[in-house]
Each structure stands twice: as C-alpha cells, then as structure tokens.
Amino acid sequence: MKKVCIVGASGKLGQYMVQHALDRGYEVVGVCRERSVGKLDRFKGRITIFPGATNDRQVIRKAVEGCDGVLTVLVPWGVQQYSSGTAQAVLDHARQDARLIFSCGWHITRDGQDVYSRTFKTLIAAFGWLARLLRFAELDDQVEACRRIFASKSRWTVVRGSDLEEGESQGLPVWSRHVGDRVLASNLTRRVDFALFMVEALEDDELIHEAPAIVGCRTPSALAIKMGR
C-alpha cells in the first residue's frame, strides 16, 4: 500500500484516518467539501486535497486516480442520495484492484442475521423518521449505498461502528460478523480506534468482502470474552 484516498477527510473520523495513514508512511489524498478544507490545515504540505462534494463523480475520479486504497466515510446527510452517490462514484472510478474500505453504523446488515435490541430498533426508526421529516439525513440511502457495495466485485470491506466516544487510543477494536454477538454488548468504540481499524483493514486481506461490526478492545464485553467469561 503506497497511496490512499480518504473520502470525507475533514470530519473527525476522516482526520484520524489521515493521521493514521501518514503515520504508516502512505501518500495521502483527501476529499472534503470546499468550506471544510481549513479543518485540514494541520496536514498542510503533507497531503493533497481535492475540494468538492463527496458524491461529485468528477472530484472522486480525479482523487482516486492511482490510489492503492480508498477509505470512504458514508454519511447519510441530506436527501440527494449522498451516501449512494459517494459509494457509486468510488466503486466506478477506483482502480479495479484497489482496497475499498467504507464506514457505516451497526444498523446496516449484510445478510439479515444481525440481532438488534428493541431499544436500538426504536432509536433508529425514530431518528430515520425525524431526519426525513426535517430533510436532514437519509438513512435508507446509506442502506442503498451498502447494498451496492455488497453486490460489487471490488475488494471491499464495510466497517460497521458502534456508538463512538473521544479519548486516547485503546488499541485495535475487536469485531464480529453479526450484531448481537456478546463481544459487542458494550456498544462503544473510541473514534480514533474506529479510524485505526479502517486504516488497518487496507492491508488485511481476511477482511475482504466482510462487514465487521466493531467494538473497543478494552470495553467490558470485549474483555469478558478475552478472559473467557
């Protein structure tokens, strides 16, 4: 892995991914909205920035050219198919052999075998309804984006994050194929470690065509499984 593109580089998760990628010696290209470019000032001179909407196909085409890997934050903001447009642009324009890593939440399911609590399902339904009403976000479009990724023949991984918190790194999160696994019960990950998992996935071929649901490695549920309880 030599050159990576981070789509959504100016967000909190994106900035952590930029730092992790630079720490590993990668050449980094970032895509972010023009008004957010200033958020990346601390990386000035160390990364190349392509300003524009992440679902702008021409911006994505230029940004991913020659990249060995693409890290994409799938955000459901707005009601103009932002997530699916972003995902499709990456799928269409990234190199055929590139590693494509996408981020989303636990609500995405690949095979329908995830088990969600009643509280979780209620929260997702309520947020989705309110977001559509206010034209703020479109969770169904994030589902559509992941459907397209899962159907793709590219070398994809979809990382499904738990609730996130700030704080110093605790190490690489643990993962399971299905929400409902006991190891995920704590439902909490440091944002910096979510980014770490994304960047580490670039060179982990065992995660190709997987949709890992992750949780912090030092959360009570992860430690309990490690200790055999």
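The legends below accompany close-up views of a predicted model.

Because the model is predicted, local features are given where pLDDT is at least 70 and side-chain atom pairs count only at pLDDT 80 or more, whereas totals for chains, interfaces and linings use all residues. Residues are numbered from 1 along each chain as its sequence is written, and side-chain values use heavy atoms, with hydrogens and water left out.

**View 1. The protein as a whole, with seven helices and 10 strands.** Helices (H or I, at least four residues) and strands (E, at least two) are DSSP runs, numbered from the N terminus. Of the 229 residues in the protein, 51% are buried, where buried means under 20% relative accessible area, exposed means over 50%, and partly exposed lies in between (1.4 Å probe, protein chains only). Among the contacts with a separation of 6 or more, 75% are made by residues 24 or more positions apart, a contact being defined by heavy atoms within 4.5 Å.

**View 2. Helix H2 (residues 57-64) and its buried face.** Val59, Ile60, Ala63 and Val64 are the buried residues in this helix. Seen down the axis of H2, they fall within an arc of 110 degrees, so they line one face of the helix; the arc is taken from the directions that run from the helix axis to the C-beta atoms. An α-helix has 3.6 residues a turn, so residues three or four places apart point the same way. The buried residues of H2 pack against strands S1 (3-7), S2 (27-32), S3 (47-51) and S4 (69-73), and also against helix H3 (82-93). At the N-terminal end, Asp56 caps H2 through a side-chain oxygen that lies 3.0 Å from the backbone nitrogen of Gln58, while just after the helix Gly66 takes a positive phi of about 75 degrees.

**View 3. Two largely enclosed helices, H3 and H6.** H3 has 12 residues and reaches 16 Å from its first C-alpha to its last, close to the 16 Å expected at 1.5 Å a residue, the expected span being 1.5 Å times one less than the number of residues. Nine of the 12 residues of H3 are buried, so this helix is largely enclosed by the rest of the structure; among them are Tyr82, Thr86, Val90 and Leu91. In helix H6 (residues 191-201), 10 of the 11 residues are buried, so H6 too is largely enclosed by the rest of the structure, and its buried residues include Arg191, Asp193, Phe194, Phe197 and Met198.

**View 4. Ser103 in strand S5 (residues 99-105).** Ser103 is buried, with a relative accessible area of 4%. Not counting residues up to four places away in sequence, Ser103 touches Leu13, Thr72, Val73, Leu74, Val159, Phe194 and Met198.

**View 5. The aromatic pair of Phe150 and Trp156.** A pair of aromatic rings is described by the distance of the centres and the angle of the planes. Rings of Phe, Tyr and Trp (its six-membered ring) pair if their centres lie within 6.5 Å, and planes under 30 degrees apart count as stacked, over 60 as edge-to-face and the rest as tilted. By this rule the count comes to one aromatic pair. The ring centres of Phe150 and Trp156 are 5.2 Å apart and their planes stand at 50 degrees, so the pair is tilted. Both Phe150 and Trp156 are buried. Arg110 lies over the face of Phe150, at 6.0 Å from the ring centre; a charge sits over a ring if NZ of Lys or CZ of Arg is within 6 Å of the ring centre and within 35 degrees of the ring normal.

**View 6. Tyr26 in the loop between helix H1 (12-23) and S2.** Tyr26 counts as buried at 8% relative accessibility. Leaving aside neighbours within four places in sequence, Tyr26 is in contact with Met1, Lys2, Val4, Ala21, Val199, Leu202 and Glu203. The side chains of Tyr26 and Glu203 are joined by a polar contact of 2.4 Å, a term for a pair of N or O atoms within 3.5 Å of which, within protein, one must be able to donate a hydrogen and the other to accept it, residues adjacent in sequence counting only if both atoms are side-chain atoms.
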